[in-house]
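Please read the numbered points beside the coordinates.

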Amino acid sequence: INGAALFGFCRYNPNPEIHLARNLKDTQMLSVGGHEFGHAILHGVGCDKSTHRKEVEADMFVILLDLHFGLDIENTRKNHLKDNFDALVREVTKDAKSEEVEKLRQKAIADAYEDVNKAFREHIDGIDKMILAE
C-alpha cells in the first residue's frame, strides 16, 4: 500500500479481501481494519452507492464496533466521518432548494444509519463469537 492517506482498502475478488498497511500502530490497525470490515460487509460487487456514502457507512460501522467493545473512537475516525458526511450532504443537496436541504441532510444520515445498523445487528453475534472464542 502506497501513499500517506492510504492505510487500507477492501477489494472484491470476487470475495472481499482486506489489505492493511504494515506500518500502522495497534489502535490504527483496529480502526482501519474495522472500517475496511465495514466495507466488506456493506459494499459488495455492484454496490451503486456513492464513494462518500460508502465511507460514511464504513465509519459508522467501525464506530459501532468500537462502542460495542468499549474502545475509544479516534479523532482521525471522527474527522474522516465528518468530512465524508459533509461531502455526502453536498452531493445529495447540490440541486435542492434551500428549504429542502435540511430534510435531505437528515434523510442521508438516516438512510446510511439504517443500512449500517441492520448489517451490524446481523453480524455482531458472529463477530463476538470469533473475537471472544478461546
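1. Asp 59 and Arg 77 meet through their side chains in a salt bridge, with an N to O distance of 2.6 Å; the term denotes a side-chain nitrogen of Lys or Arg within 4 Å of a carboxyl oxygen of Asp or Glu. This pair links distant parts of the chain, with Asp 59 in helix α2 and Arg 77 in helix α3 (residues 75-93), 18 residues apart. Helices are DSSP runs (H or I, at least four residues), numbered from the N terminus. Asp 59 is buried at 0% relative accessibility, and Arg 77 is buried with a relative accessible area of 7%. Buried means under 20% relative accessible area, exposed over 50%, and partly exposed in between (1.4 Å probe, protein chains only).

2. The model is predicted: local features need pLDDT of at least 70 and side-chain atom pairs count only at pLDDT 80 or more, while totals for chains, interfaces and linings use all residues. Residues are numbered from 1 along each chain as its sequence is written, and side-chain values use heavy atoms, with hydrogens and water left out.

3. Within helix α3, Asp 86 and Lys 82 lie 4 residues apart, about one turn of the helix. Their side chains form a salt bridge of 2.6 Å, N to O. Asp 86 is partly exposed at 27% relative accessible area, as is Lys 82 at 49%.

4. Arg 11 and Glu 17 form a further salt bridge, in which the closest N and O atoms are 3.3 Å apart. Arg 11 is partly exposed, at 38% relative accessible area, and Glu 17 is partly exposed at 26%.

5. How many salt bridges does a search of the whole structure find? The search gives 10. Salt bridges also link Lys 49, Arg 53, Glu 57 and Asp 115 in a network.

6. The second largest pocket has a volume of about 210 Å³. A pocket is an open set of points on a 1 Å grid over the protein atoms alone where a 1.4 Å probe fits, with protein on both sides within 12 Å along at least five of seven lines; lining residues have an atom within 4 Å of a point. Helices α1 (26-42), α2 (51-68) and α4 (101-132) each supply at least two lining residues, and α1 gives the largest share, 4 residues.

7. By class, this lining has 9 nonpolar, 2 polar and 1 charged residues, with Gly counted as polar and Asp as charged. Among the lining residues are Gly 33, Gly 34, Asp 66, Phe 37 and Met 130.

Conventions
Grid points are joined across faces, edges and corners, and a volume is the space filled by probe spheres set on the points.
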